Amino acid sequence: MAIYTDIAAEVWAERKGTVPPGVRFETKYVADVTITRVHITRDGLARRRGRYSTIDMPSFAYIDDRNEHYIGALAHEIKNYLPPKGDILVVGLGNDHITADALGPAVCGRILVTRHIPIERDERDILHLRGVSALCPGIEGKTGLSAGETVKSVVGAVRPAAVLCIDSLFTSSPEHLGCTVQITDTGLCPGGEERKRIDTELLGVPTVCMGVPTVMDAGDLCNSRHRLVVTPKEIDYIVSRAANVLSLAINKALQQELSVGELNFLTS
């Protein structure tokens, strides 16, 4: 059985020198943060055409979740994927009753939402706030609606300039478990179902997806014939602190006039 991963940088990482035509790697180091950008320029490869950024840092279980260095590095990368102007809809995907799948809703609950602030009296302009709304579509087993259907309906109503989705991810590498963020403009598949993919084609606006690997396919490591999914013992700390770092980074990318301290105060 093939080992599964959501992380594009893992697909060709172990086969140095055999990266296929149409795939470009760029690596940047900022202190203890490593940013690997993968740009796929043609179809028919192991990953969809588009951009992928992998940001590796120390484990979220142990870092200071208000560290401006990590927040700034993520905010800069997020900003590169989003349009410079216009409202943004932030979507938290996942199941908040399962810790390893609760990242999306946890991040969504800490987003500084501003769309409801009246614009006719120029409050948003005075405060230099970008319009932001947030949505947790829940899981299909409870709502009867796929996440894609729900998000598409809301996009049609609020007409954002872009959508930013957050979800828990799968990795095949222990080195990425709980200490990596991936950002991509190629969409994602909730529950791994391709037919339910949420992307620009479905929503009709630029769609950026990001997440942290919280589970790992360990069948190969354990020589198992069956899929063996594992999660770190510190998963509670990882999800809680990752949610704080990611939400602050998203808020900073969208509200650049505000400091990390101000953002933390406004969302606490």
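Leaving aside neighbours within four places in sequence, which residues is Leu-203 in contact with? The first legend takes this up, and every view here shows a predicted model.

**View 1. Leu-203 and its surroundings.**
Leu-203 is found in helix α7, which covers residues 200-203. Once the neighbours within four places in sequence are set aside, the contacts of Leu-203 are Gly-148, Val-151, Lys-152, Val-155, Val-163 and Ile-198. Leu-203 has a relative accessible area of 8%, so it counts as buried.

**View 2. Strand β8 and the strands it pairs with.**
Here we look at β8, residues 207-217, a mostly covered strand in which eleven of eleven residues are buried. Strand β6 (residues 162-171) pairs with β8 in the parallel sense, over nine bridges. To find your way along this pairing, look for Asp-167, whose bridge partner in β8 is Gly-211. Strand β7 (residues 180-184) also pairs with β8, in the antiparallel sense and over three bridges; there, Thr-184 has Cys-209 of β8 as its bridge partner. Two bridges, again in the antiparallel sense, join β8 to strand β9 (residues 229-230). In that pairing, Asp-217 stands opposite Val-229 of β9. As you follow the side chains, keep in mind that in a regular strand they alternate between the two faces of the sheet.

**View 3. The buried face of helix α9.**
Which residues of helix α9 (residues 260-267) are buried? They are Val-260, Leu-263 and Asn-264. Looking down the axis of α9, you will find these buried residues within an arc of 100°, so they line one face of the helix. What do they pack against? The partners of the buried α9 residues are α2 (68-81) and α8 (235-254).

**View 4. Cysteines without a disulfide.**
How many disulfides does a search of the whole structure find? The search finds zero. Cys-189 is in no disulfide either, and the nearest cysteine sulfur, which belongs to Cys-209, is 9.2 Å away. Both Cys-108, with a relative accessible area of 8%, and Cys-189, with 18%, are buried.

How values were computed: Residues numbered from 1 in each chain as written. Predicted model: local features only at pLDDT ≥ 70, side-chain atom pairs only at ≥ 80, totals over all residues. Heavy atoms only, no water. Buried < 20%, exposed > 50% of the residue type's maximum accessible area, 1.4 Å probe, protein only. Helix = DSSP H or I, 4+ residues; strand = E, 2+ residues; numbered from the N terminus. Pairing = 2+ DSSP bridges. Arc of directions from axis to C-beta. Contact = heavy atoms within 4.5 Å. Disulfide = S-S within 2.5 Å.
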